[in-house]
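Trainee: Could you walk me through this model, beginning with the ligand and then moving to the strands?

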Amino acid sequence: MTDFERLRATLPTGLWIDGAQTDPIDGGTFPVYDPATGTLIADVADAGGKDAMRALDSAAAVQEEWAATAPRQRSIILRSAWEKVIERTDDLALLMTMEMGKALPESRGEVNYGAEFLRWFSEEAVRIQGRYTTSPSGSGRIMVTKVPVGPTLAVTPWNFPLAMGTRKIGPALAAGCTIIVKPAEDTPLTMLLLAEIFAEAGLPAGVLSVLPASNAAAVTEPLLADPRLRKVTFTGSTRVGKILIEQSAQQVLRTSMELGGNAPFVVFDDADIDAAVEGAMAAKMRNGGEACTAANRLIVANSVREEFTTKLTGRIAALTVGPGSEDGTNVGPLVNEKQRRNVASLVDDAVAAGARVRTGGKSVDGPGYFFQPTVLDEVPANARIVREEIFGPVAAITGFDTEAEGVAAANDTEYGLAAYIYTQNVDRAFRVADKLESGMVGVNRGVISDVAAPFGGVKQSGLGSEGGTEGIEEYLETKYVGFA
Ligand code: ADP
């Protein structure tokens, strides 16, 4: 028996409603595959609209009590969940590698990162502040308090199956909201295991539900149409984000949207090139490139472009591609065949438009959804790869001459999530960081996500922030009480 078969025998695969596993009313299941082999790893309960209503019934029934639960008690439950997630690192990491494909050390990293949101928001739960002041006229007193928004729907993606959930569940629970999670269909098992861990940590039934579904809209549409739901929080594509924003207009819901990105990674002529290559490896290859913060466009000063490209190509060509569960793997498979086809078509389109392949460029033959780590240089501005999210291990390099050209190229996108700059000139760093139209800027670093920092985008990359002291505000309403 393999480690995974042993784990598999204990995993929840039902819906998680009202504090326990349960079968869908219609009794259906859907398959979850290992992207490294294409083989089935589990059949998971398939929620429909009636199940969504069961989950909302139970969330609405306990909303008031959960909101009235002492912040210290909510904090203790979150803290306990953090401890239990860390204790289960091996299981959660292996599970994410099996359902999503990333290399095991990266999955372990995600367990740690994902768990941090539970610890951080356990600390924030007891620090929700209001204010008290008097009217300028002296005739009235003003009390401002924060109250939980109420029952929340979270729709999460497959690329970080744990962390994209905890980044929403942590602040929602800390604020006193109940939450229903619809995990991505490729990776529902991680979220189900997290629900079980929360129950062990003492979370009351009904506060958290998890509804895996093969048809996302069958679950989300009836929830969004129900006046008891008060918020939707989403991480995923801009396309689906727009659908959810539109649908959330029916009940005028609060929305938090972490949508697509097209991150520029700008290397100026005064950069430490070795550091820039190191940063690019992280910004591009972390999670196999399947991150909305991944460097999508490497925009490199022409005077240092060949040196940077040669060094980066050497590093990327040396990466080991293989099943995420094998020792020594750096880059696992893409999550599914659809994703791999998209990466291949972006590369083919760029090459047809004139890009040069420095390494890689093709899908890997055989089972699983592997794609060669790839470097493309001289990518023309009209190639789709500089407009669309790649979500794969492909570095696309373009050049520029002046600082103004570099900044203009970086901002030439409807997205605005993350941006990275490399320069040793501190004046330039401040100047350029100010000019970049993005919610997050990394200066001389290739990874910027941090539990203590607000994660979020501008333009079509989204609305609102997750993490930091800002993250909990997304789950709180401001209420004013006026006294004579
Ligand atoms: P990706 O392109 O990265 O797969 P998606 O935006 O398609 O991202 O998916 C992110 C999440 O949104 C998943 O949980 C998916 O099931 C869900 N989703 C997809 N389509 C819809 C829809 N029409 N309504 C609600 N949720 C959806």
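Mentor: The model is predicted. Begin with the shell: 14 residues surround the ligand, and the closest are Ala184, Ala216, Gly236, Ser237 and Val240.

Trainee: Which helices each supply at least two residues of that shell?

Mentor: Helix 8 (216-224) and helix 9 (238-248) do.

Trainee: How do the shell residues divide into nonpolar, polar and charged?

Mentor: There are 8 nonpolar, 4 polar and 2 charged residues in the shell around the ligand.

Trainee: Now strand 17. Are its residues buried or exposed?

Mentor: A residue counts as buried if 20 or more other C-beta atoms lie within 10 Å of its own. In strand 17 (residues 418-422), 5 of the 5 residues are buried, so the strand is largely enclosed by the rest of the structure.

Trainee: Which residues lie on each side of strand 17?

Mentor: Ala418, Tyr420 and Tyr422 are on one side, with Ala419 and Ile421 on the other. Both faces are covered.

Trainee: In what sense do strand 12 and strand 17 pair, and over how many bridges?

Mentor: To read a pairing, look for the bridges and the sense of the strands. Strand 12 (residues 263-267) pairs with strand 17 in the parallel sense over 3 bridges. Phenylalanine 265 has tyrosine 420 of strand 17 as its bridge partner.

Trainee: How many bridges join strand 17 to strand 18?

Mentor: 4 bridges join them, and strand 17 and strand 18 (residues 440-443) run parallel. Alanine 418 stands opposite methionine 440 in strand 18.

Trainee: Through which helix does the chain cross from strand 17 to strand 18?

Mentor: Through helix 14 (residues 426-435), in a β-α-β crossover that is right-handed.

How values were computed: Residues are numbered from 1 along each chain as its sequence is written. This is a predicted model: local features need pLDDT of at least 70, side-chain atom pairs count only at pLDDT 80 or more; totals for chains, interfaces and linings use all residues. A residue is near a molecule or strand if its C-beta atom, placed from the backbone, lies within 6 Å of it. Ala, Val, Leu, Ile, Met, Phe, Trp, Tyr, Cys and Pro count as nonpolar, Asp, Glu, Lys and Arg as charged, and the others, Gly among them, as polar. A residue is buried if 20 or more other C-beta atoms lie within 10 Å of its own, exposed if 12 or fewer, and partly exposed in between; C-beta atoms are placed from the backbone. Two strands pair if DSSP finds at least two bridges between them. A crossover is right-handed if, with the strands pointing away from the viewer, the path from the first strand over the helix to the second runs clockwise.
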